[in-house]
Amino acid sequence: MPVFSLPGSYGIGCFSVEAYRFVDFLAEAGQSYWQILPLGPTSYGDSPYQSFSTFAGNPYFVDPDTLKKDGLLTQADLESFPVKSEDRIDYEMQYNERFTLLRKAFVRFDKNNTEYAAFKEKEKDWLCDYSLFMALKDAHGGKSFIEWEDEYRLRDAKALSDFTEKNSAEIDFYSFIQFEFTKQWKALKAYANKKGLEIIGDIPIYVAADSSDVWCSPELFQMDENFRPTAVAGCPPDGFSADGQLWGNPLYKWDYHEKTGFAWWIKRIKKCSEIYDVVRIDHFRGFDEYFSIPAGDTTARNGHWEQGPGMKLFNAIKESLGEVRIIAEDLGFITDTVKKLVRDSGFPNMKVLEFAFDERDSSSGSSSDNQYLPFNYNRNCVVYTGTHDNETLRGWLDSITEQELGNVREYLGIPESIGKDNIVELLIRQALGSVADMAVIPMWDYLGLDNSARINVPSTLGNNWIWRMNSEALNSEKAGKIRKFNKIYGRLG
């Protein structure tokens with residue numbers, strides 16, 4: 001359940017009272033984990049997988065009511081916020097209005113707060129550069145740093161010093177947002193932990209091209225001398241996409257990372273370990289081999305595979321940080337070398353039930369050797385009915401072929417008289433009843449919602465990341481039913 005999909009009063013889910021109510025619901029339903037999507041500040045396209053910073057938090061998740069309770073906003077401030085839609089997120093409105101509200105809070109904030117000073121000192125390795133980066137973006141009308149003047153784009157020391165001196169308040173504003181984000185998130189996570197729930201965080205393997213990470217540390221990426229990518233990330237053409245997927249993220253310069261002992265990655269995972277209990281790493285196969293597409297191409301057709309860091313990275317992380325609880329997102333076309341990397345890492349990998357009956361991909365038919373069918377699971381895996389990139393279960397049942405629906409019915413052993421709403425519940429039971437050590441059911445599947453609740457359609461822009469749960473959707477009856485399922489299948493939290 002993404003944070004942004006929670007109900008609430010300010011147009012997008014945040015760390016509000018509704019988040020605490022959701023935690024209460026999960027505890028009542030006997031859950032052990034709440035998996036969320038990345039918490040970073042979203043950039044163009046509104047995707048949480050394209051963030052202005054690997055280390056920063058999303059300003060939209062800062063709860064205005066908490067700021068009011070802390071004396072930083074007034075009731076009049078809250079009433080001035082224009083909420084256009086409660087069931088869909090209007091990101092343009094958030095961009096135009098949310099920061100206005102946060103600036104009002106910043107004016108009343110005590111800049112000499114000792115807790116704030118301690119936060120800035122602790123997070124200075126990334127916070128100073130991120131806050132400066134965002135202030136510069138504002139000064140350039142939100143343009144990508146690639147379009148800034150050379151003295152800013154190429155980080156001329158004097159130019160940055162002069163800008164910092166003239167714009168110190170604006171820079172401090174962005175540090176203030178991160179302080180409030182961190183304080184509120186830590187309080188929510190502590191509440192969840194106290195209720196017996198752990199948080200599964202999600203991190204993209206790559207960072208956005210227009211990010212403080214790339215701007216501050218271009219040496220970590222495959223960039224030319226003008227800070228422009230020479231190759232970008234994506235996926236090759238397959239049965240689902242003739243052109244493949246062009247993500248556009250700059251690729252890592254893995255030989256440089258290795259020379260530094262993978263210091264940046266260790267810092268990144270350390271940060272994740274502080275804000276999550278378990279970390280799911282998106283596109284895990286990129287650590288074995290990654291798909292490299294020439295910068296400037298409009299499709300992924302001309303890409304090729306390159307060697308990733310493999311176990312050298314994870315050995316370095318373990319040596320530095322000890323055991324970190326990681327879930328490997330190994331979906332897609334998986335080679336023997338990827339399978340070996342997952343085995344060698346010891347991390348649980350992912351199984352998605354919707355892939356168990358798909359006949360469009362030769363690796364995902366209905367044959368008995370399909371890795372996504374529950375009888376082929378081993379214990380060290382995490383089963384999902386679907387993910388944020390899939391259709392909802394109910395929507396998927398409406399879109400698959402009659403043959404595929406027949407495969408589902410045969411597998412479940414049910415006649416045609418059993419309706420699709422009942423099949424949704426039976427598939428959830430398949431996941432919970434499997435041997436997988438962990439089962440994660442998206443909230444929209446527990447609610448039996450159709451594709452109007454779909455979170456994302458990969459490789460598309462618009463109408464993604466906007467679904468919000470109805471505030472009346474959760475009740476004790478629903479919690480009791482979910483709790484009963486967990487008890488039946490030995491998964492009671």
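Which residue lies over the face of Trp305? Arg285 does, at 4.1 Å from the ring centre. A charge counts as over a ring if NZ of Lys or CZ of Arg is within 6 Å of the ring centre and within 35 degrees of the ring normal. Arg155 likewise lies over the face of Trp215, at 4.3 Å from the ring centre.

The model is predicted, with local features needing pLDDT of at least 70 and side-chain atom pairs counting only at pLDDT 80 or more, while totals for chains, interfaces and linings use all residues. Residues are numbered from 1 along each chain as its sequence is written, and side-chain values use heavy atoms, leaving out hydrogens and water.

Aromatic pairs were searched for across the whole structure, and 52 were found. The rings of Phe284 and Phe314 form a stacked pair, because their centres are 5.2 Å apart and their planes at 25 degrees. Rings of Phe, Tyr and Trp (its six-membered ring) pair if their centres lie within 6.5 Å; planes under 30 degrees apart count as stacked, over 60 as edge-to-face and the rest as tilted. Phe284 lies in the loop between S5 and S6, and Phe314 in helix H13 (residues 311-321), so the pair ties together parts 30 residues apart in sequence. Helices (H or I, at least four residues) and strands (E, at least two) are DSSP runs, numbered from the N terminus. Both Phe284 and Phe314 are buried. Buried means under 20% relative accessible area, exposed over 50%, partly exposed in between (1.4 Å probe, protein chains only).

The rings of Phe357 and Trp396 are tilted, with centres 6.3 Å apart and planes at 45 degrees. Phe357 lies in the loop between strand S9 (349-352) and strand S10 (381-384), and Trp396 in helix H15 (residues 393-399), so this pair ties together parts 39 residues apart in sequence. Phe357 is buried at 2% relative accessibility, and Trp396 is buried at 5%.

Asp288 sits in the loop between strand S5 (278-281) and strand S6 (289-294). Asp288 counts as buried, at 8% relative accessibility. Its side chain makes a polar contact with the side chain of Thr337, at 2.7 Å. A polar contact is a pair of N or O atoms within 3.5 Å; within protein, one must be able to donate a hydrogen and the other to accept it, and residues adjacent in sequence count only if both atoms are side-chain atoms. The C-alpha atoms of Asp288 and Val338 are separated by 5.9 Å, although these residues are 50 apart along the chain.
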